[in-house]
Amino acid sequence: MKRLVLSILTLAMFTSIAYAAPVPPSPDAVLATLKKGHPRLMMTDERLAEIQSMRKTDNILDGYIGEVLTKAEKDLGLPALEHKLVGPRLLSVSRECMRRVYSLGLAWRLTGDERFAKALESNLLTVAAFPDWNPSHFLDTAEMSHAVGVGYDWLYGWLSTDSREKIRKGLTTLGLDPGVAAYKGEASWRWWIESYHNWNQVCNAGLSVGALAVAESDPEYAKVIIPSAVESMPRALATYGPDGAWPEGPGYWHYASRYTAFGLCAMRTALGTDFGLSQIEGLSVTGAFPVFTTGPTGLYVNFADSGERATRRCMTTLFWMARTFDKPFYSDAEHAMAEKYGAQPLHVVWYAPPSGKSYDSQLDRLFKGSVELAVFRSAWYDPEALFVGFKAGYNQVNHGHLDLGNFELDALGIRWARDLGSDDYNLPDYWGHDKDATRWTYYRLNSFSHNVVILNGENQDVIAESKFVAFGSKKDSAFGVVDVSTAYAPHSTKSLRGVKIVEGRRAVLVQDEFDLSAATDVAWGMTTDADIAPDGASATLRQDGKECMVKIVEPAAAVFTVESAEQAPPQKRNKGVSRLMIRTKAGAGPCRIAVLFMPVWKDGAYKGTVSVKPLSEW
């Protein structure tokens with residue numbers, strides 16, 4: 001989430017994304033349609049009445065409300081928030097403030113119980129009296145502006161004149177003034193206005209929500225912030241194009257998309273329009289991305305800095321997207337998560353009833369964009385199904401690792417091939433992106449921890465790009481091929497990796513092809529939590545009482561070895577994690593590595609042979 005200073009190549013890549021930019025409103029006209037009075041942000045009185053009416057006949061909604069109120073009771077006695085930085089960030093405080101605002105605020109709106117209003121008032125007065133909202137790390141300021149804006153709006157009619165003025169003053173002085181300074185070019189923290197990643201949505205949306213909360217008393221803020229946000233946000237929203245992929249990974253999809261929803265929903269309820277932002281290509285279909293990129297284990301395809309064990313949990317944004325774009329598939333998938341992990345306040349605010357339809361019947365999906373990703377599965381609903389995520393893209397995207405061609409594999413309820421995810425954001429030069437940046441020495445971020453090939457003991461090129469050159473999906477099989485040539489130059493003049501789901505979706509073939517420039521040390525590696533028993537060209541992976549057989553199909557003389565993935569502090573330790581390795585020396589010219597994964601299903605593992613064909617013939 002830290003600032004990424006984009007290289008010229010990065011800018012050239014992202015500015016090539018085509019989108020029809022919405023026309024920002026003029027400052028004089030932006031508030032012409034402002035909803036009179038409060039509340040005007042997301043949960044208007046009209047929406048509240050609709051929810052109260054629906055719950056009478058909708059047992060699921062009524063159950064969600066019951067869960068939310070039970071949790072809000074526990075929030076009544078929490079200690080006061082403190083202005084406490086963790087590293088350079090105040091994020092843990094701003095996010096807890098937001099959580100309390102939605103919990104206590106919704107409980108107040110639903111029940112009229114003044115205990116919730118008093119607790120919310122106390123929290124808002126506390127943060128409004130902070131010395132600052134940490135504008136040097138502007139995510140903190142934007143998130144707090146959003147939280148206080150919603151709290152002020154929802155509680156407006158109950159607050160005393162004195163409390164209302166203190167909260168308004170805190171919001172304008174600590175949040176909106178630094179935001180206006182950024183938009184006017186008067187602050188060092190303004191770089192996110194030009195960014196193409198999550199900072200853009202969070203900062204623009206957070207400030208927009210805050211400005212709309214005080215628009216009748218302090219219209220000068222909305223007159224600057226709303227037009228500026230409408231001009232800035234398409235840079236990031238265009239990144240969803242053409243079909244909804246998010247280059248920072250599924251975890252950051254949630255963060256970026258949630259603030260997209262906050263900003264656009266607040267504009268619609270307060271002004272009656274989002275100025276065409278919701279029409280940008282990719283946004284209407286992006287709700288499929290976190291659903292398809294979650295394996296049957298519940299784990300994401302964990303690329304970029306999604307997290308060490310990033311698990312698909314509740315994403316309330318999917319309810320907003322389902323309602324906004326008429327996509328019941330999104331809300332149906334989210335209902336399954338709410339049933340498993342519990343309801344949150346935004347499940348009520350953005351509630352969309354279950355449609356009664358099943359998951360998308362499509363088993364395989366190729367997501368295009370700046371980071372392309374293919375996902376394959378043998379079935380929906382089955383927690384032991386076969387699943388593979390296969391990644392292409394660009395090594396310089398925000399939060400990106402050196403992992404072009406990386407794959408992750410689930411079967412039998414186990415993730416056999418895994419990605420370790422992020423390290424500590426406070427490590428020195430964690431956000432460096434130059435070729436010699438310290439970032440690329442960190443194990444979790446460089447090529448040596450990922451499920452890719454290493455040539456001559458070197459990382460992939462830090463500015464390499466890759467795309468899918470082939471993709472196919474049939475009833476019993478599926479495949480994808482990625483051109484990773486720029487990642488391995490100059491050691492290889494042409495480099496391809498293919499992943500194929502074979503044998504009735506019961507096994508997986510991973511195949512690499514190189515045209516080596518000279519004699520080369522070739523290392524094929526895969527990261528796993530499993531216990532590994534190597535036996536020449538075969539290996540048995542064992543984990544939680546399950547087994548997966550792995551076989552080297554080519555080259556004929558290659559054998560498996562096992563190495564440790566553990567690292568010394570201050571990096572994360574990766575305790576107990578291993579690497580299944582093939583190390584070989586190859587001469588100049590064509591080199592092919594083919595590895596077959598055969599989970600041991602209840603009726604046994606696939607024990608046949610797989611004919612290896614050139615990737616050009618897949």
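Strand β5 is covered on both faces: F407, L409 and A411 on one side, and E408 and D410 on the other, are all buried. Here buried means under 20% relative accessible area, exposed means over 50%, and partly exposed lies in between (1.4 Å probe, protein chains only). Helices (H or I, at least four residues) and strands (E, at least two) are DSSP runs, numbered from the N terminus. The model is predicted: local features need pLDDT of at least 70, side-chain atom pairs count only at pLDDT 80 or more, and totals for chains, interfaces and linings use all residues. Residues are numbered from 1 along each chain as its sequence is written, and side-chain values use heavy atoms, with hydrogens and water left out.

**The sheet around β5**

- Five of the five residues of β5 are buried, and the strand is accordingly described as mostly covered.
- β5 belongs to an open sheet of five strands in the order β1-β2-β3-β5-β6, with antiparallel pairing; two strands pair if DSSP finds at least two bridges between them.
- The edges of this sheet are β1 (365–367) and β6 (414–417), each of which pairs on one side only.
- On average, neighbouring strands of the sheet are turned by 15 degrees against each other, direction ignored; axes are lines fitted to C-alpha atoms, for helices over the stretch in contact, and angles run from 0 to 180 degrees between N-to-C directions.
- On one side, β5 (residues 407–411) is joined by four bridges to β3 (residues 387–391), and the two run antiparallel.
- Within that pairing, G389 stands opposite E408, and V388 stands opposite L409.
- Three bridges join β5 to β6, again antiparallel, with A411 opposite I414.
- β5 and β6 form a hairpin with two residues between them, and L412 in the turn has a positive phi of about 65 degrees.

**Packing of α6 against α8**

- The axes of helix α6 (residues 138–155) and helix α8 (residues 198–213) come within 7 Å and cross at roughly 35 degrees.
- The crossing of α6 and α8 is left-handed, a term used if the near helix is turned anticlockwise from the far one by less than a right angle, whereas clockwise is right-handed.
- Residues of α6 in the contact (heavy atoms within 4.5 Å) include F138, L139, H146 and Y152, and those of α8 include W199, V202, L207 and A213.
- The residues of this contact divide into eleven nonpolar, five polar and one charged; Ala, Val, Leu, Ile, Met, Phe, Trp, Tyr, Cys and Pro count as nonpolar, Asp, Glu, Lys and Arg as charged, and the others, Gly among them, as polar.

**Salt bridges**

- The whole structure contains 33 salt bridges, each defined as a side-chain nitrogen of Lys or Arg within 4 Å of a carboxyl oxygen of Asp or Glu.
- R115 pairs with E73, their closest N and O atoms being 2.6 Å apart.
- R235 and E194 meet in a salt bridge at 3.3 Å, N to O.
- That pair links helix α9 (residues 219–237), which holds R235, to the loop between α7 (161–183) and α8, which holds E194, 41 residues apart.
- R235 is buried at 16% relative accessibility, whereas E194 is partly exposed at 39%.
- R592 forms a salt bridge with E513, with the closest N and O atoms 4.0 Å apart.
- This pair connects strand β18 (residues 589–601) with strand β11 (residues 507–516), parts that are 79 residues apart in sequence.
- R592 is partly exposed at 25%, while E513 is buried at 17%.
- D75, E96, R99 and R100 are linked in a network of salt bridges.

**Backbone features in loops**

- A cis peptide bond joins E554 and P555, with omega about 0 degrees; P555 lies in the loop between β15 (546–554) and β16 (560–564).
- Another cis peptide bond joins P569 and P570, with omega about 10 degrees; P570 is in the loop between β16 and β17 (578–586).
- D326, although not a glycine, has a positive phi of about 55 degrees; D326 is found in the loop between α12 (317–325) and α13 (328–341) and is exposed, at 64%.
- D429 also has a positive phi, near 55 degrees; D429 is in the loop between β6 and β7 (453–455) and is partly exposed, at 37%.
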